[in-house]
Amino acid sequence: MRLFDRFRRRSTGGPAAVRARLEGAMAKRRLRGWNPPLENINTLVASGGPRLLARSRELVVTNGYAANACEAFAANLVGDGIKPSSLIGDAGLRDRVQRLWLAWTDEADADGLTDFYGLQAMVAREMFVAGECFVRLRPRRTEDGLLVPLQLQLLQSEMLPFEKTETAGNGNRIRCGIEFDGIGRRVAYHFRRRHPGDSTDQGAVIPETVRLPAADVLHIYRPIDAGQIRGLPHIAPAMVRLFLLDQYDDAELDRKKTAAMFAGFITKTAPEEPMMGEAEADLDGAAIASLEPGTMQVLLPGEDVKFSSPADVGGGYEAFQYRTLLAVSASLGLPYHLVTGDVRQANYSSLRAELVEFRRRIGQLQHGVIVHQLCRAVWRRWLETAVLSGALDADHAAVRPVQWIPPRWDWVDPLKDIQAQVLAMEAGITSRRKVVEATGYDVEEVDRENAADAARATGLGLRYRTSPGETQGARATPATRPDAGEGAGNDTDDGAVATDPATEQE
């Protein structure tokens with residue numbers, strides 16, 4: 001045994017032994033050429049941000065998969081809007097606040113093109129394409145005729161120059177167009193006055209940038225790394241695959257189109273004798289003979305016709321496309337069928353499992369980005385402006401409590417999902433408010449509508465099986481059936497089933 005012990009590798013301690021166990025840190029054999037620079041994400045964004053942004057915008061405009069993924073991302077992130085539900089205890093004051101907010105949402109857009117919820121969708125698209133969007137809070141004058149003198153203006157990422165990194169005159173640091181004070185707080189944004197790519201905006205010579213206080217600007221983006229100051233396009237991980245796949249598809253389409261133009265090739269022993277249907281030769285000496293239906297061509301001795309048989313794409317084309325688009329979908333964090341529209345290989349279980357994970361990610365973005373960075377900030381400024389302008393007679397701190405309700409998720413199987421929610425409410429696992437809010441509606445608004453429907457039906461003498469307040473489903477179906485021997489003593493007409501009032505309503 002002592003002889004073999006000499007050949008055993010002795011274990012050594014220290015950092016060298018630790019590095020040996022970390023395969024990703026090895027610098028031998030196949031990993032020798034893998035030497036990425038240890039750079040901060042802000043350095044990467046500052047150097048490659050403009051080019052990355054230009055390529056991202058071009059992809060979303062020209063590539064069908066990228067455009068479809070962008071719309072799917074925005075539709076699932078904000079849908080028809082993330083809406084507020086005020087938590088004010090006073091019912092009358094809460095109703096006034098909700099009504100004033102609903103009326104103001106139609107006037108929220110400074111460009112007058114959409115409402116507040118349409119602006120949310122535009123912000124979501126900008127997050128997908130550019131990774132960030134800026135919202136400028138613009139106070140208005142009283143004579144402008146707005147219910148609440150406040151509007152929102154969206155600014156694209158290109159309006160804040162990546163290359164503007166310097167020291168301001170007041171000693172603050174400017175990094176990628178954002179001004180920070182001595183303790184790292186954002187105090188201002190240095191925006192361009194004109195979009196650098198808009199050739200239609202030609203005006204007088206003015207300073208290139210203008211300083212806007214940070215209190216009047218909302219920077220909407222998803223920080224990936226700690227300390228990140230600018231956003232990265234959501235489409236960035238899939239850009240190269242999408243671009244190369246688009247080029248491959250275009251080349252394949254052109255190849256098939258070119259091959260399909262040649263029906264056949266004629267070999268002649270006497271080139272001076274024209275063929276039937278042959279046109280005059282062009283400048284290069286090439287002639288084309290066209291065929292019509294039912295044409296019979298008699299060939300001379302020694303002449304031959306060879307028909308074109310272009311190569312097919314092969315049986316691996318479909319599998320290659322599927323795998324590539326699957327990798328693109330994984331890079332985008334979107335389900336495969338939302339990017340491609342292809343549900344041939346999907347079933348109920350796979351769709352449900354895929355959507356559950358996707359909805360977790362979207363819920364994270366809804367509450368951590370859209371609600372926190374956009375909705376809450378707009379709600380606070382809107383309340384302050386409404387109180388100061390006299391549009392709302394209340395203390396803005398007292399009316400600030402609010403919760404934001406994201407759009408409802410459509411069910412894969414509505415019957416099973418609703419039954420599961422009913423069972424969860426009956427077991428006390430969840431509340432009716434949570435169930436209603438999951439549909440994208442305010443529970444108090446739903447209750448008011450149910451009460452109004454019930455009062456109207458009662459006033460008209462109407463009674464429905466689905467009247468509000470009654471037990472629905474199988475338990476509302478009469479369960480008592482008379483015995484055959486008791487038919488003579490039954491007061492029901494034509495053998496109608498006698499029902500127990502206790503089973504009709506709980």
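Two strands pair if DSSP finds at least two bridges between them. Helices (H or I, at least four residues) and strands (E, at least two) are DSSP runs, numbered from the N terminus. This is a predicted model, in which local features need pLDDT of at least 70, side-chain atom pairs count only at pLDDT 80 or more, and totals for chains, interfaces and linings use all residues. Residues are numbered from 1 along each chain as its sequence is written, and side-chain values use heavy atoms, with hydrogens and water left out.

**View 1. Pairing of strand E2 with strands E3 and E9.**
Strand E2 (residues 132–139) and strand E3 (residues 150–155) pair in the antiparallel sense over 6 bridges. Leu 137 stands opposite Leu 152 of E3. E2 also pairs with E9, again in the antiparallel sense, over 5 bridges. Here Val 217 of E9 is the bridge partner of Arg 136. Strands of a sheet pair through backbone hydrogen bonds, either parallel or antiparallel.

**View 2. The open sheet of strands E4 to E8.**
The order of this open sheet of 5 strands is E4-E5-E6-E7-E8, with antiparallel pairing. Its edge strands, E4 (166–167) and E8 (209–213), each pair on one side only. E4 and E5 (residues 173–175) run antiparallel and are joined by 2 bridges; Arg 173 in E5 is the bridge partner of Thr 167.

**View 3. Salt bridge between Glu 179 and Arg 211.**
A salt bridge is a side-chain nitrogen of Lys or Arg within 4 Å of a carboxyl oxygen of Asp or Glu. The side chains of Glu 179 and Arg 211 form such a contact at 2.9 Å, N to O. The pair links distant parts of the chain, with Glu 179 in strand E6 (residues 178–180) and Arg 211 in strand E8, 32 residues apart. Buried means under 20% relative accessible area, exposed over 50%, and partly exposed in between (1.4 Å probe, protein chains only). Glu 179 counts as buried because its relative accessibility is 1%, whereas Arg 211, at 43%, is partly exposed.

**View 4**
Glu 357 and Arg 361 meet through their side chains in a salt bridge of 3.5 Å, N to O. The two residues are 4 apart in helix H10 (residues 348–389), so they are separated by about one helical turn. Glu 357 is partly exposed at 37% relative accessibility, and Arg 361 is partly exposed at 44%.

**View 5. Nonpolar surface patch around Val 240.**
Val 240, Phe 243 and Leu 244 form a nonpolar patch with about 310 Å² of accessible area together. Patches are made of residues with over 30% relative accessible area and no salt bridge: like charges are joined within 9 Å, nonpolar side chains (Val, Leu, Ile, Met, Phe, Trp, Tyr) within 5 Å. Accessible areas come from the Shrake-Rupley method with a 1.4 Å probe; for residues, only the protein chains shown count as cover. Val 240 lies in helix H7 (residues 239–260) and is exposed, with a relative accessible area of 58%.

**View 6. Confidence along the chain.**
pLDDT is the predictor's confidence in each residue, from 0 to 100. Its mean over the chain is 82, and 76% of the residues reach 70 or more. Confidence is highest in strand E9 (residues 217–221), at a mean of 97, and lowest in helix H14 (residues 501–504), at 42. Over residues 485–506 pLDDT stays under 50, and the model has 20 contacts (heavy atoms within 4.5 Å) beyond four places in sequence for this stretch. Where pLDDT is low, the predicted coordinates should not be read in detail.
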